[in-house]
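Here is a short briefing to read alongside the model. Have the structure open and follow the topics in order.

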Amino acid sequence: MKRIMAVILMGMMIMVLGGCGDSSAPKTGKLQELTIGTMPDVDSIPFIIAQEKGYFAQEGLTVQIKPFKSAMDRDSALQSGNLDGAISDMLAVAFAKEGGFDVKITSLTNGSYKLIASPIEKAETMADLAGKDIAVSKNTIIEYVTDKILVENKMNEEQFNKVVIPQIPTRLEMLSNGKLAAATLPEPMASIAMKNGGKLINSSDKLGINPGVLMFTTKSVHEKKAELEAMYRAYNKAIDYLNNEPKEKYIDLLIEKGGFPPSVKDSLVLPTYKKANKPTETDIDSCIAWLKDKNLIKQTYSYQDLVDDTFIQD
């Protein structure tokens with residue numbers, strides 16, 4: 001009997017000691033795979049880092065990253081069931097909700113959107129661009145930021161010719177080649193445009209607005225809670241890495257995996273990344289007001305309608 005008790009006690013000690021191991025060690029629980037859509041912008045970079053540095057793997061999580069060049073293609077993939085979630089914006093979430101497709105904002109991202117004048121333009125202000133072409137992607141965060149810049153300058157869209165160019169790389173190329181007077185671009189494409197001679201007119205940073213988000217289908221939020229918790233732990237590790245390591249250590253990786261052109265190497269401007277945090281009700285309300293004003297949605301959505309902040313650690 002004493003021998004049996006000794007074996008039992010030894011087994012209990014092993015279990016306790018095993019539970020006190022390194023919390024950063026790979027998790028052994030069976031987690032479902034996550035598929036996330038990304039865009040060629042700085043919001044995607046933490047996911048590339050988390051993937052390539054093994055932070056997802058440390059959490060026992062498999063993440064498939066699918067890159068897209070336009071918001072339209074990304075949203076189509078999400079609604080067809082090919083994605084669990086995507087780097088997106090508040091407007092796209094409201095559109096999905098209006099169309100009967102249930103999604104939730106789970107956190108803010110760190111994107112920056114800039115209105116850049118062409119290298120051949122002498123424009124220094126919005127007033128200098130009056131009557132000229134400004135390239136946007138229609139009914140997206142890009143057009144929203146553009147309109148906010150116009151309001152800031154006490155101007156309206158009737159004073160300009162909005163040219164709809166959905167694909168970001170195409171918009172950048174046409175701007176750099178002087179085929180457009182101006183364009184609104186996300187980082188890092190905006191930095192490339194400025195390296196090519198473009199001039200910064202205004203930006204979301206200067207306006208203090210941040211409509212970029214990470215969104216997931218409500219189905220994934222409910223059925224993949226453990227997976228999303230693991231994803232955010234890995235995401236926050238990637239944020240720490242980006243804020244503490246020199247850009248030279250990972251820039252080649254971003255060019256290879258992120259779909260960024262090689263010219264970004266010397267011009268990439270990164271934000272000071274923040275760990276996953278909540279959107280503000282003010283930003284939500286502003287986006288909804290813009291959509292309603294343009295008759296793009298009929299319903300008025302609240303913070304609670306659009307946001308699930310379960311995965312944010314205060």
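Two strands count as paired if DSSP finds at least two bridges between them. Helices (H or I, at least four residues) and strands (E, at least two) are DSSP runs, numbered from the N terminus. This is a predicted model, in which local features need pLDDT of at least 70 and side-chain atom pairs count only at pLDDT 80 or more, while totals for chains, interfaces and linings use all residues. Residues are numbered from 1 along each chain as its sequence is written, and side-chain values use heavy atoms, with hydrogens and water left out.

**The sheet with E1**

- Five strands make up an open sheet with mixed pairing, in the order E2-E1-E3-E10-E4.
- Strands E2 (63-67) and E4 (103-108) are at the edges with a single partner strand each, so one side of each has no neighbour in the sheet.
- From one strand to the next, the twist averages 30 degrees; axes are lines fitted to C-alpha atoms, for helices over the stretch in contact, and angles run from 0 to 180 degrees between N-to-C directions.
- Strand E1 (residues 34-38) runs parallel to strand E3 (residues 85-89), and two bridges join them.
- Opposite Gly 37 stands Ala 86 in E3.

**The sheet with E6**

- Four bridges link strand E6 (residues 133-136) to E7 in the parallel sense, and Val 136 stands opposite Val 164 in E7.
- E6 also runs parallel to E8, joined by two bridges, with Ile 134 opposite Ala 182 in E8.
- Which hand does the β-α-β crossover from E6 through H6 to E7 have? This crossover is right-handed: with the strands pointing away from the viewer, the path from the first strand over the helix to the second runs clockwise.

- Ile 168, Arg 171, Leu 172 and Leu 175 in H7 are buried, where buried means under 20% relative accessible area, exposed over 50%, and partly exposed in between (1.4 Å probe, protein chains only).
- These residues span an arc of only 100 degrees around the axis, which means they sit on the same side of H7; the arc is that of the directions from the helix axis to the C-beta atoms.
- The buried residues of H7 pack against E5, E6, H6, E8 and helix H8 (189-195).

**A look at Gln 51**

- Helix H2 (residues 45-52) contains Gln 51.
- Is Gln 51 exposed or partly exposed? Its relative accessibility is 29%, so Gln 51 counts as partly exposed.
- Leaving aside residues up to four places away in sequence, Gln 51 touches Phe 56, Val 63 and Ile 65.
- A polar atom of the Gln 51 side chain lies 2.6 Å from the backbone oxygen of Val 63.
- Gln 51 and Gln 167 are 116 residues apart in sequence and 25 Å apart in space, C-alpha to C-alpha.

Technical notes. Contact means heavy atoms within 4.5 Å. A polar contact is a pair of N or O atoms within 3.5 Å; within protein, one must be able to donate a hydrogen and the other to accept it, and residues adjacent in sequence count only if both atoms are side-chain atoms.
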